[in-house]
Amino acid sequence: MQNAVQSLKGGEFIIKETEAKDIFIPEEFDEEQLMIKKTCEDFLQTEIYPKLEEIDQQEEGLMQSLMDKAGELGLLAVSIPEEYGGFGKNFNTSMLVTDVIGAGHSFAVALSAHTGIGTLPILYYGNEEQKNKYIPKLASGELKAAYCLTEPNSGSDANSGKTKASLNPEGTHYLINGQKMWITNGGFADIFIVFARIEDDKNLTAFIVERNFGGISMNPEEHKMGIKGSSTRQVFFNDCPVPVENMLSERGNGFKIAVNILNIGRIKLGAATIGSSRKVINTAINYANERVQFGLQISKFGAIRYKLAEMATRNFAIESATYRAGQNIDDAYERLITSGMDSGKAKLKSTEEFAVECAIIKVWGSEMLDYIVDEGVQIYGGMGFSAEAPMDRAYRDSRINRIFEGTNEINRLLIVDMLLKRAMKGELDLMTPAQAVAGELTSIPDFNIAEDGSLFYAEKKILKNLKKAGLMIAGAAVQKLMMTLAKEQEILMNIADIIGYVYVAESTLLRVEKLVNLKGEEAVSGQIDIMKIYIQEAVDKVHLAGKEALNSFADGDELNMMMMGLRRFTKTSPFNIKEARQRVAKKLIEANKYCF
């Protein structure tokens, strides 16, 4: 367990420094966690990969039987408390399961929907009677769960749902009427978490609905671009009678439940993209080593090596950020429990605390996976476009992740919105450091980023400057645009890009620094190259996003001054990124697998 006292609050990474010793890295998983990882890997190899075609064809009863087998192995119960039939493992252990199972294509979607948005609302918001009734059977897989929030005219604007819940004259049941769509596991779920509006309430209310209550009908399975094996149905409720005791939490608390559960869903989705990407990278490396053109293995060509190195770099970076945030959530949970908070509330509060990081990981993870599957197809060349080749399924399955759990556009807007709201509430002091950065713009610049002898001094200075760039632009945008900033979505997304790249780059640096302290520089030379590559790329991304933002709202002398500041804050020393990528690719090719 990391030292919880040292952990920053959610979002504080943009204004404070973190020490490498205070983060968790995946190389620190203990023997028990590695055994759980091996169980997941074996399950994919024996139960999922041999049946991918049958899964995609939605063979009758197959997904249910696979969920049953996962339940027997305990894969549905990892983070469920022991008193409800689970193993009571911490958040990062559940993230590890999500990571590995993420390579399981449509099965990964079914499992994640069940263990996450299908089960957690009851675990975190249910009363003891509800938890005792449902959680043990959900943990074992005896019951399968689905989550019913989205409607035809209610997607990103989740609280605008039209589904109604009306109390019957006897006061014993709510009658639910409405339509839900894109419901994962809808075809076989026994339990639905349904969001409906009572009378003219401002916010939705959540209900635990059993399929056998009646009044539930469905459209046929959706024909989707990807995740074809995942059951996706429209669900109709026609006077579906739900006992009053099956209201989840309080009346009007549904929107809060939806938002908080989505925080968990976002970081879990990011974790799943790591496993998905790792599988694609391995497949691409194998093919590049086998495919011969012009008398050489294509893995010997620079263009292919560039792709392999870049794929590995992005995966390593997202993995670094994901488990850093997961440990932050675990640490926050421990602090809240120590302070006397109820376990369920502490779980929610700890994840809510790091909602900014959850959104970053969702966006950067899903875009990382999209990049990797696209390059995977390219490495296969013409064969990559064949439905018979292994990249076909990965390519199609990836695309949904930028839409799941709130679109990436919505999540980018949320990143900035949540930070600014915390600043306005006094929970996060963004103004003081932003003003300090503004004062620097008129000072004599220090262009010296040479080493001072400390480990990764130059890279740490680069990151400090990138944070300054973000604070300068965000602070100026707030001052200039004030109340209209919320409507300037392009600028907000520029700022979100800066914040996200800072977080992922810093996470990568901290992981590598910790690895050097544990193993020595020579043993992790490939990881050092990866970190330096990612930081160089982050600098370029921050400069571009900053330039676009400043040109959108500033002008005259103010624009000139901030552009000078942006150039100062995105200045780096010369670095041969091509040679670094060559070294990374060489390690991948020699190992014939992802080896970082």
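**Helix α9 against helix α16, and what surrounds them**

Let's start at a contact. From α9, the residues F316, A317, I318, E319, S320, A321, R324, A325 and N328 meet Y503, V504, E506, S507, T508, L510, R511, V512 and L515 of α16. Contact here means heavy atoms within 4.5 Å. By class, the residues of this contact are 10 nonpolar, 4 polar and 4 charged. Nonpolar covers Ala, Val, Leu, Ile, Met, Phe, Trp, Tyr, Cys and Pro; charged is Asp, Glu, Lys and Arg; the others, Gly among them, are polar.

Ground rules next. This is a predicted model, where local features need pLDDT of at least 70, side-chain atom pairs count only at pLDDT 80 or more, and totals for chains, interfaces and linings use all residues. Numbering runs from 1 along each chain as its sequence is written, and side-chain values use heavy atoms, with hydrogens and water left out.

Now the geometry. Two packed helices are described by the angle between their axes and the distance between the axes. Helix α9 spans residues 302-338 and helix α16 spans 489-519; their axes come within 8 Å and cross at roughly 85°. So α9 and α16 are roughly perpendicular, a label for angles of 65 to 115 degrees. The axes are lines fitted to C-alpha atoms over the stretch in contact, with angles from 0 to 180 degrees between N-to-C directions. Helices are DSSP runs of H or I, at least four residues; strands are E, at least two; both are numbered from the N terminus.

Stay with that contact. Q527 sits in helix α17, residues 525-553. Beyond four places in sequence, Q527 contacts F316, V512, L515 and F596. Is Q527 buried or exposed? Buried, with a relative accessible area of 11%. Buried means under 20%, exposed over 50%, partly exposed in between, using a 1.4 Å probe and protein chains only.

On to the cores. A nonpolar core is a set of buried Ala, Val, Leu, Ile, Met, Phe, Trp, Tyr and Cys residues joined through side-chain atoms within 4.5 Å. The largest has 174 residues, and F107, L308 and F553 touch the most other members. A second, separate core holds 19 residues, including A146, I176, F192 and F237. Back to L308: outside four places in sequence, L308 touches A284, I285, A288, I379, L588 and I589.

Last, backbone. Most residues other than glycine have a negative phi. S249 has a positive phi, near 65°. S249 lies in the loop between β8 and α8 and is partly exposed at 26%. N592 also has a positive phi, near 60°. N592 follows α19 and is partly exposed at 34%.

Methods. Angles under 35 degrees count as roughly parallel, over 145 as roughly antiparallel, 65 to 115 as roughly perpendicular and the rest as oblique.
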